[in-house]
Structures are given as structure tokens and as C-alpha cells.
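Reader: Could you go through this model with me? I'll ask as I look.

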Amino acid sequence: MKKTGIWISTVTIFVILFFACQPVNSDLDASDVTLHVLNPRGEITLPPLSPPSTRIPDLKGKKIGLYWNEKPGGNHFWNGVEQLLKEKLPETAILRYSGAFDLGDELATRMAKETDAFLYGVGD
Amino acid sequence: MSGYYRVEKLGKPGAYVCTDNFVHDAESAAEDVGMPRARIVTVKAEDYYRLRGTDAEIMPVVKAVIDELIDGLKRPLTEKEASTVPEKEDLGPITVSAETYALAIEKFNDIYLERQWGDGLTLLPPTKEAVQAMLKGTNRSPDEIIGTVAPKNGVATIKKIAINAVMAGAKPEYLPVIIAAMEGITDPDYDDLHVMTSTGSFNFAIMVTGPIAKELNINSGIGFLGYGWQANSTIGRALRLALINIGRVWPGVNDMALVGRPSQQFYVFAENQEFSPWPPFHVTQGFKAEDNCVTVSSVMGASSHLLGGGAVATWTPEEILENSVRMMMEPRWGMATWKRGSSNPGPMKYILFFEPVLAMELAKQGHTRASLQKILYERATIPYKDLTPAEIANIQPRIDSGEIPKDRISVFKDALKPGGRLPIMDRVEDIRIIVAGGIPGYSFGMTFWREGLYAPTSDQTKLIWGATKTKAGR
């Protein structure tokens, strides 16, 4: 009985020593490292979504505005657009506008009053 | 796109025209204004830019898209185009697991870089603990909102700034400087949108002034715009990451800088107060000499103008002043067409980096910043007899539109008489003189439009405060 107790104690000590001598390294265990990382993105509030305006199936007799931001060379492109629109839609009037990247409320209002549809380009 | 949106919102059907290389930019802008399904028609970039010189040359490009343009105005909206259901986004933490710490770091970087939440270099993981440690650099609330960042107007809280600072490898003691710079960038009067998204390689110059610069070891001597200094590099990287992630900007999508933005970590440096004969720069902006400040300036990133100095050629102060005037006169090419809000919005502002020896020499001659500004402003003028009719014709519209400040109108009107001289700048304060660099050093200049395209100013100076780990900036 006494011998058995000594044997058990010796085994227990070996078992404890065995585990105590293992390197403290969680890397040895599968999926042992977990990082909870914070999201770096800023919250954005998108404005309420609006669909584009209803299209005009027949442009005959309508007025089309062409807006350009005066970036060099764009005038040639829009000259070509005006010429081809007149050829393809002879009964359509073309109105030309130019100004800043963003035409602003005042010009937008005027353009909306004067035209039925529009093409908008800012040079790139 | 905002202009296109204005007219669409007034009930007129339109089509937005851009080159195919700008379609992502247009789609992103359409999302920003709330019309993600705007009708966009593209022309081939490789043809458009090459052929736009004349009506005849560009005609094949027009012919290729004319039917699509007409169709864009006529074809009824699809169900998807007419939809107004927004997409939702999860901004919560992300969990990364792996067998080893090294693999977890690798996995975290793969995820963040794949999502375009980084600058291409390895990131440090912004764990809750790391972010809390970063936030100990300031006594300001993590939930404090600093402002919104272009182009998508992401909300910059101190916590979000700290997360990005951790990812950049910045130290907690740098955080108050980073926050102050973000206050400058997000100031509603500062045009961060143009400098972050334009096709030009514009960039930010971030100058730290006051005793905190020395305490944080921000380089102001030899190599002050270069590598090797932890504070300069990681403050700049923290700001770059904050703009990428909070503002949601990405090259080729909505940052259209054609050759990129040289200096990925911006130009972060300190004024060389040790050798400067004049009060700190921030005093010129209304702050006290003992304050600590950050000045954020938009600059033309890919170009600086060498004025003189260095270890090779000899120089005199007068030569450098003359070279400064020569640089200031260069923007005259666009003077006849300056117009607020256009791609050529108006006169420049100038940042003159004077190396210490030059500054000390000028001070010995009795010059102050103000006296030098006045001298340079008066020299950077054009005799009335040399003005072109187009240059003269553009003055009155600039007066009428309020672009020329009211208190300067008389100066411009007086210049338009025989014997008069027209200034190239609107204000003497548009010349900023900064002492920076080592001994020997180069003097050079940087420029930018005085007014932004989308907001009134192109520089801001902000107080650094709330620091907990430095003596200065508390």
C-alpha cells in the first residue's frame, strides 16, 4: 500500500513536471491566436437615394442643353456633339452652357427652365 | 457629378459624359450625391486626350458615342435604375484567427489591404487594447467628432483617428498633433476634396510649430522632408490612413492623381525654431508665440521651385529674393482666365522655405517676415504697359464676383492706369515664409491656389491641445 502511494506520487510529480516544462507558447495550438481588430473606416451618411429623372422617348421638338466646364479641349468635343445632334435630330434645338465644375444652383435652375434634357461633361 | 445631379433633381433627364478611366470616379461621385444609378456615358480616354485639340480630330470620338448619348436621354429607366433602396454597411470589429501570432498578423493584413483599408505597406493591428493605449495620448473624448473627411464625408472621431494612428505605427504622444492636423483638413473652410481627388499631384504639407516639435523629435534640419524620422513618418502615415479610411479615397477610383501623390506620408516637418530669427509661423495666424500648432497646406506635390542655397553653388540673399519673385510670376500664364470654381480658379499662395542661414542673414539686414512679404509682393507685379488686353479684361469680372477682396479693389484699380503695376497676388499674406532645413540648406518654394475649388481656403492652422504625454500641447 505504501509502495503504491509512493509510485502514484512519483508519477504525479513527473506528470506535473512534464507539463510545467513545456514552453508557454500558445502558437503551438491550432487557431490559438485571435485578434479582434477595430474598423478604421469613418461612418458615412449617404443622402437619400434619388433615381434619375424620367427619360424622354421622343426628342423631336425638344431642347437639349450641353454643359462643359471649360477645361481645354472640351470645346472641340462638344462642338462635335452639337453638330452630330443637329444631324441626327434636326428638329431638336441645342443650347450651350459652360462654367465651373459644379454649375451651381442658379445656372442649374436656368438650364432646367430652358431645356428638356441635357448632357454634362467636366473635361475628364 | 454634383452639377449633373442638380439638374437631374430639377426633373430634367441627363447623361454624364466622362472618359472610361474616370468611370469609377463618376460612379463614386454619383453615390456621394445620392444618385448611384446616374446615366454615365464614357468615351475612350486613350482617344479623347490625344484628339481633343481640334474639332476635326475629336470627331471620331464623338461619332463613337453620339448614339449612346441620345439613347441615354431617351431609354426608359430600368427597375434597378429607379430603385431607391440603400445598401447597409457593418462598421463593427473584425475577428482574425490563426495558428500563430505571425500568421494572424499576416491574415489581418491580407484582409485590410484587400479591402483597400491600408496604404500598401504592412499595418499594425488596431486591437481594442492598442487603440486604448493610443487614446491615452490625449485627454479628449474618443467620441468627439473632429469633422468630416472628403470625398465621402466620413465622420472623423478621435477614436477613428486613433485606430488609424495605431495601424500607422504612431506613438500615443503623436496623437494630439495628428488630431490637430485632422482638424485643419476637415475644417469646412479648407478644400480637402480637391487636394485629395484631383488629377494634379497635389498633396498636404503638414508643419508643426512650437516647443512640441522638439519634444516629439520631429525633424526640421537636414533631410526634413525625407525618411528616417519616426515622428515625421508615422504622423504622416497616420494621416494618410485616416484619409483613406475615414474619407474613403482610393487611387484610380476617386483619387485621380495621374502620377499619384508623391510622398505617401505627406510632407510632415517642423519649423526650425532653433535657428529662426523670427517668431514661430503660427504667430502670423493669430496664435501666441508659446502655442503649439499644426499648419496644413495644399501644395503642388510634384514640383517645388529651387530658389538657391545648398552646398554647391554660391548665393546671396538678394538673388534668392529675386528667384522668389521669378517663381511668383510664373502663374501669370493663367491670369487672363482666372475664375473662381473653374480648373484655373485664381492667384496662388506661396510657401517660401527659407533655410536657416538665409533667414539669419535677412534678419541681420533688418528684415522681418512682414517686411519681406511686402518687398516680395511689391516686386511681383506687372507694369500696366505690359499687360495684355485679356489680362486687363479679367480684372473687372474678378472684382464683380468678389474674388478680389474688397479692401484690395483700389489697389487693382490703381494698377490699371499708366505707370501702375498690377500685383500677381491678391494679398500680401499669400506669401508664407517658413524657416526650415539644416545648415547648409536649400531655400525653395511651393505653391497652390489661394482659394480651393470647393471651399474658400487652401491652408489652415490649428492649435495642438489635450496632450497628456508631452509638456507642450496640453
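Reader: Lys60(A) and Glu91(A): buried or exposed?
Author: Both are exposed. The cut-offs are over 50% relative accessible area for exposed, under 20% for buried and anything between for partly exposed, with a 1.4 Å probe and protein chains only.

Reader: What kind of model is this?
Author: A predicted one: local features need pLDDT of at least 70, side-chain atom pairs count only at pLDDT 80 or more, and totals for chains, interfaces and linings use all residues. Residues are numbered from 1 along each chain as its sequence is written, chains are lettered from A and ligands numbered from 1 in the order in which they are written, and side-chain values use heavy atoms, leaving out hydrogens and water.

Reader: Back to that pair. What does Lys60(A) form with Glu91(A)?
Author: A salt bridge, with the closest N and O atoms 4.0 Å apart. The pair links distant parts of the chain, 31 residues apart: Lys60(A) is in the loop between β1 and β2 of chain A, and Glu91(A) is in the loop between α2 and β3 (93-98). Helices (H or I, at least four residues) and strands (E, at least two) are DSSP runs, numbered from the N terminus.

Reader: And what counts as a salt bridge?
Author: A side-chain nitrogen of Lys or Arg within 4 Å of a carboxyl oxygen of Asp or Glu.

Reader: How many residues does the contact take from each chain?
Author: 68 from chain A and 98 from chain B, where contact means heavy atoms within 4.5 Å. The area buried between the two chains is about 7100 Å², and carbon and sulfur atoms give 63% of it. On the chain A side, Leu38(A), Arg41(A) and Arg55(A) lose the most area to chain B, together 12% of what that side buries. Buried area here is the accessible area (1.4 Å probe) that two parts lose on being put together, summed over both.

Reader: How many residue pairs are in polar contact there?
Author: 37, with both residues at pLDDT 80 or more. On chain A, β1 (33-37), α2 (74-88), α3 (104-114) and β4 (117-121) each supply at least two residues of the side that touches chain B. The largest share of that side, 11 residues, comes from α2(A).

Reader: What is the rule for a polar contact?
Author: A pair of N or O atoms within 3.5 Å; within protein, one must be able to donate a hydrogen and the other to accept it, and residues adjacent in sequence count only if both atoms are side-chain atoms.

Reader: Which backbone oxygen does the Ser201(B) side chain reach?
Author: That of Gly260(B), at 2.8 Å. Ser201(B) is in the loop between α10 (192-197) and β6 (202-209) of chain B, and it counts as buried because its relative accessibility is 11%.

Reader: New topic. What do the side chains of Asp407(B) and Arg427(B) do?
Author: They meet in a salt bridge, 3.2 Å from N to O. Asp407(B) is in the loop between α17 (395-400) and α18 (409-415), and Arg427(B) in the loop between β12 (421-423) and β13 (431-435), so the pair ties together parts 20 residues apart in sequence. Salt bridges that share partners also join Arg340(B), Arg398(B), Glu403(B), Asp426(B), Asp430(B), Arg450(B) and Glu451(B) into one network.

Reader: Where is Lys413(B), and what does it touch?
Author: It is in helix α18 of chain B. Not counting residues up to four places away in sequence, Lys413(B) touches Gln396(B) and Ile399(B). Its C-alpha is 9.5 Å from that of Ile399(B), 14 residues apart in sequence. Lys413(B) is partly exposed, at 44%.
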